[in-house]
Amino acid sequence: MFLMDSLIRRCAHGVPPEVGIIARDEGIDAATVSRAVAQGRIVIPANPERQHRLCAIGEGCRVKVNVNIGTSGAHCDPALEEKKAQAALDNGADALMDLSTGGDLAAIRKKILSLDSTVGTVPVYEAVRRAGNAADVDADLLFAVIREHCKQGVDFLTLHCGVNLDALSALRTDPRLMGVVSRGGVFHCAMMVQRGEENPLFSEFDYLLEILSEYNVTISLGDGMRPGCLQDAEKLAKSVEYITLGRLAKRALASGVQRMIEGPGHIPLDQVGYNVRMIKEITDHAPLYLLGPIVTDIAPGYDHVVSTIGGAVACMHGADFLCMVSPSEHLALPLVDDIIEGTRVTKIAAHIGDTVRRPEGYRTEREVQMADARRRLDWEEQFRLALFGDVARRIHSRDGEQETCSMCGDLCAVKMIRELFEGDTKKE
Ligand code: SF4
């Protein structure tokens, strides 16, 4: 049974109120946003169980940033995760994903859901926790957990529907150095191998759509076969999964379920554009959510910088939603400072993407005003306009207050050329 009040169906017949809000925020014509939602090119994940700041993801919208938080079995401190979630929002995160696997998962999720943010989860994590191991997760348990997350008010769910027997076969035909690095991907592989059955999220996809439709929850079609190192970027499993996701994306849209697609993890920089365009093409231009991309494997400790480089290039080619990578990536559960640093650099990647994909491009008032403030050596104005003015102020203040900065001191090129031209003006 599909409810007739899904956002996709309402957008097909007009401009719902929430679309009007998004259109004003994004500076896009409301009818255009409505049409893009109806076509599945923009999603607005918003579970009716909760009220929160809306976040539109997709074509023509500003690039959005998600921040993952969550406990693990090795480090379970729910209060710390709440602090990390708030720090992410304070530094510009547009969405949060609670990936907790340690402690009282429903209680932790309740706290995160009380924040003014779009929230996503990965239900298979909880299913594995409850079952004790991945092989003991059956379809009934998995769908029960999915329903609970929907009921509790989660806005979007990452579900690895494309990790099916076909993708598993591709993994065997064309083995990869790192195998599978997605947690959800590995869980579903274990379920299929040890139970000898198809992934229920794939074989019972219509039933899954019924649940999501009932609660108006958005599906994020997970990339469980994303490459885990550059050496695996051109192996078969990833492409097989994408083709499956393309098929499932069409079925979701036809059922009125909002959907987005998750994209590659570790890929060389020159393959980023191709991958983004290929996924967009085979998924009817569904919103694309990227984890990274990580474009070199030898910079642990700086993977937030690595993924910012990959993320900016991906946005230039059409990626819509970036998942924050912190300095702790591949090393440890992030701390609050890691979340702040990771969120900030990911916001910068998203903004760089906007400077080439938004209609106004790089000619925004803020970019123009910053250039003018730099020309005038107006430091206060520069701090006001900067994405993170607190850091700019701290660094500038190291050498005390002066007209120029301490980089060139009395040989300041900006000051010299300004005086030179002002002198020309006076002579005239
Ligand atoms: S001192 Fe050098 S770096 Fe600083 S504002 Fe002038 S030209 Fe730029």
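## Exercises on a predicted model

The aromatic ring pairs in this predicted model come to 5 in count.

**Exercise 1.** Classify the ring pair of phenylalanine 143 and tyrosine 207, and state which helices it ties together.

*Solution.*
- Step 1. The ring centres of phenylalanine 143 and tyrosine 207 are 5.0 Å apart, and rings pair if their centres lie within 6.5 Å.
- Step 2. The planes of the two rings stand at 75 degrees, so the pair is edge-to-face; the cut-off for that class is over 60 degrees.
- Step 3. Phenylalanine 143 belongs to helix α7 (residues 139–152) and tyrosine 207 to helix α11 (residues 205–215), so the contact ties together parts 64 residues apart in sequence.

**Exercise 2.** Decide for phenylalanine 143 and for tyrosine 207 whether the residue is buried or partly exposed.

*Solution.*
- Step 1. Buried means under 20% relative accessible area, and partly exposed runs from there up to the exposed class, over 50%.
- Step 2. Phenylalanine 143 has 5% relative accessibility, so this residue counts as buried.
- Step 3. Tyrosine 207 has 34%, so this residue counts as partly exposed.

**Exercise 3.** Which residues do ring pairs link into a cluster?

*Solution.* The cluster consists of Phe156, Tyr289 and Phe321.

**Exercise 4.** Describe the backbone at proline 293, histidine 285 and leucine 377, and place each residue.

*Solution.*
- Step 1. Glycine 292 and proline 293 are joined by a cis peptide bond, with omega about -5 degrees. Proline 293 sits in the loop between β9 (288–291) and α14.
- Step 2. Histidine 285 is not a glycine, yet its phi is positive, at about 65 degrees. This histidine 285 is in the loop between α13 (272–282) and β9. Its relative accessible area is 31%, so histidine 285 is partly exposed.
- Step 3. Leucine 377, also a residue other than glycine, has a positive phi near 55 degrees. The loop between α16 (365–375) and α17 (379–385) holds leucine 377. With 12% relative accessibility, leucine 377 counts as buried.

**Exercise 5.** Which residues make the nonpolar surface patch of about 380 Å², and where is valine 305 found?

*Solution.*
- Step 1. The patch is made by Leu269, Tyr302, Val305 and Ile309.
- Step 2. Valine 305 is part of helix α14 (residues 303–316).
- Step 3. The relative accessible area of valine 305 is 38%, so this residue is partly exposed. Patch residues need over 30% relative accessible area, and valine 305, with its 38%, meets that cut-off.

Conventions: Residues numbered from 1 in each chain as written. Predicted model: local features only at pLDDT ≥ 70, side-chain atom pairs only at ≥ 80, totals over all residues. Heavy atoms only, no water. Patch = residues over 30% accessible without salt bridge, like charges linked within 9 Å, V, L, I, M, F, W, Y side chains within 5 Å. Areas by Shrake-Rupley, 256 points an atom, 1.4 Å probe, with all protein chains shown as cover. Salt bridge = Lys/Arg side-chain N within 4 Å of Asp/Glu carboxyl O. Helix = DSSP H or I, 4+ residues; strand = E, 2+ residues; numbered from the N terminus. Buried < 20%, exposed > 50% of the residue type's maximum accessible area, 1.4 Å probe, protein only. Phe/Tyr/Trp six-rings, centres within 6.5 Å; stacked < 30°, edge-to-face > 60°.
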